[in-house]
Amino acid sequence: MKNKIITIVLCIVMFAVPVLIIPNNETYYNLARYILLLICGAILFCAFIKNSKKLEFDKTDICIMIFIILALISAICSINIKKSVLGERNRFEGVFTLITYSMLYYHAKYYLKPNNKFINVGLVTYSCILILAVIQFYMPTKVIYMLPIFGKGAHGTMGNTNFMGSFVSMLVPATVLGYLFTGKKKYLLVSILSFFVMLLCIARSGWVAFVVTIIIIIAYMIKNRSKENFKRFAFIIIGFMLCLAIVKIEPKSNEIVARKGKRVVSEAKEANTTGISDRMGSGRILIWKSTYNVIKKYPIVGCGVDALADGLMKADLPGLIKFINIYHTSIDKAHNEYLQIAATIGLPALGVYLIFLTLVLDKNLKGLLKDKKSTFFFIVILGYLAQAFFNISTLGVAPIFWIVLGLSQQKE
């Protein structure tokens with residue numbers, strides 16, 4: 001009975017949390033999914049405490065426990081304790097959320113047993129999110145602002161095209177590998193759809209993740225030299241080429257994607273000739289510089305979990321004002337998950353987190369290009385970690401990532 005409840009809770013997080021939103025509300029867009037996530041986290045935490053005497057821990061589990069302890073210390077010492085507990089407005093990644101992530105990881109690792117029904121529900125749910133993103137992109141301008149979930153590009157239920165980039169950074173390699181390993185057409189269809197949305201959401205972080213993961217997938221095929229895999233990969237490439245052709249032929253998508261591509265090329269040329277400027281990466285360079293100043297001021301416990309905006313006010317007010325004057329918006333995230341942890345929870349917490357990720361990847365690295373399961377999890381996790389250099393953790397995607405981390409650590 002206990003295992004069944006845990007499985008149900010994890011399924012809710014995987015498939016209900018990503019789609020639960022409050023449309024057209026900048027302040028509370030994520031509130032519904034935040035409440036549901038915390039309820040699920042509380043149930044898992046109660047199960048964790050109830051079975052504390054029977055629990056087993058390995059090195060990765062200990063790392064997560066240390067990370068959570070450091071997060072709690074950071075919240076207590078925070079320059080904005082309330083924000084560190086509950087999270088930044090509409091971000092909601094305070095210490096309660098981090099504890100929930102750790103519970104998702106632990107229970108997915110020891111209790112979740114995915115089956116065909118689990119996978120099918122995931123494919124259907126995520127396909128609906130992707131289809132919504134396509135509709136959002138091509139919705140006529142005359143009606144787009146009359147509907148509550150439209151008007152922000154191809155974001156699905158993620159609230160932002162960059163967050164959709166995070167989502168597809170895992171979904172594209174997962175479905176590509178699913179098709180290569182099984183030959184089932186459902187994976188082929190979802191892989192093509194997710195690639196198409198990756199193009200439409202125009203998130204460079206997703207593109208980076210795609211390049212990194214596709215290179216390793218090709219290496220896997222070369223290593224194993226399976227004619228069936230090459231045949232299946234050919235179908236995938238044909239599907240991806242059709243997506244590129246649609247984007248190229250259709251005027252709206254061609255204009256938007258081409259404009260983004262030209263900007264990337266222009267920034268690369270500028271960096272090569274005049275050096276890196278603050279405006280590069282849609283202002284990410286300026287954000288990273290300001291975040292670095294927060295790290296220098298609060299190196300041990302950070303400025304407080306999810307309290308970067310408050311930290312910037314104290315550590316780099318001129319940089320924050322400069323960003324606001326240029327982009328007419330403020331900074332509440334570092335747009336780099338690793339810098340975010342260092343600035344808000346502290347450098348020791350970042351070190352523990354990186355050790356945790358190293359241990360997770362190492363387990364799968366041993367079977368990389370040989371064992372299907374190890375290859376699958378290594379590539380999917382690496383896809384997320386690659387895009388995390390340019391993006392932020394978000395409630396629509398991060399819970400899925402933590403469950404995937406747990407699944408990757410299951411014993412044979």
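Predicted model: local features only at pLDDT ≥ 70, side-chain atom pairs only at ≥ 80, totals over all residues.
Two packed helices are described by the angle between their axes and the distance between the axes. Helix α8 covers residues 161–182, and helix α6 covers residues 116–138. Their axes lie 12 Å apart, and the packing angle is about 130°. Angles over 145 degrees would count as roughly antiparallel and those from 65 to 115 as roughly perpendicular; the angle here therefore makes α6 oblique to α8. The crossing of these two helices is left-handed. On the α6 side the contact is formed by Leu123, Tyr126, Ile129, Leu130 and Ala133. On the α8 side the partners are Met164, Phe167, Val168, Leu171 and Thr175. By class, this contact has 9 nonpolar residues, 1 polar residue and no charged ones.

Helix α8 also packs against α18. The axes of α8 and α18 come within 8 Å and cross at roughly 160°. Because of that angle, α8 is roughly antiparallel to α18. The crossing of α8 and α18 is right-handed. From α8, the residues in contact are Ser166, Ser169, Met170, Pro173, Ala174, Leu177 and Phe181. From α18, they are Lys372, Thr375, Phe376, Ile379, Val380, Gly383, Tyr384 and Gln387. The contact of α8 with α18 divides into 9 nonpolar, 5 polar and 1 charged residues.

By class, the lining of the second largest pocket has 20 nonpolar, 6 polar and 3 charged residues.

Rolling a probe the size of a water molecule over the atoms shows where empty space is left. The structure holds 2 cavities of 30 Å³ or more. The largest cavity has a volume of about 280 Å³. It is lined by 21 residues, and those nearest its centre are Phe67, Glu93, Leu98, Ile341 and Ser393. Helices α3 (59–76), α5 (95–110), α16 (337–344) and α19 (398–408) each contribute at least two residues to the lining of the largest cavity. Helix α16 gives the most, with 4 residues. The lining of the largest cavity divides into 13 nonpolar, 4 polar and 4 charged residues.

The second largest cavity holds about 40 Å³ of space. Its lining consists of Asn30, Arg91, Glu93, Phe163, Lys333, Ile392, Ser393, Thr394 and Leu395. By class, the lining of the second largest cavity has 3 nonpolar, 3 polar and 3 charged residues.

Key. Residues numbered from 1 in each chain as written. Heavy atoms only, no water. Axes fitted to C-alpha atoms, helices over the stretch in contact; angles between N-to-C directions. Parallel < 35°, antiparallel > 145°, perpendicular 65-115°, else oblique. Left-handed = near helix turned anticlockwise from the far one by under 90°. Contact = heavy atoms within 4.5 Å. Nonpolar A, V, L, I, M, F, W, Y, C, P; charged D, E, K, R; others polar. 1 Å grid on protein atoms, 1.4 Å probe; cavity = no way out; pocket = protein on both sides within 12 Å on 5 of 7 lines; lining within 4 Å. Points joined across faces, edges and corners; volume = space filled by probe spheres on them.
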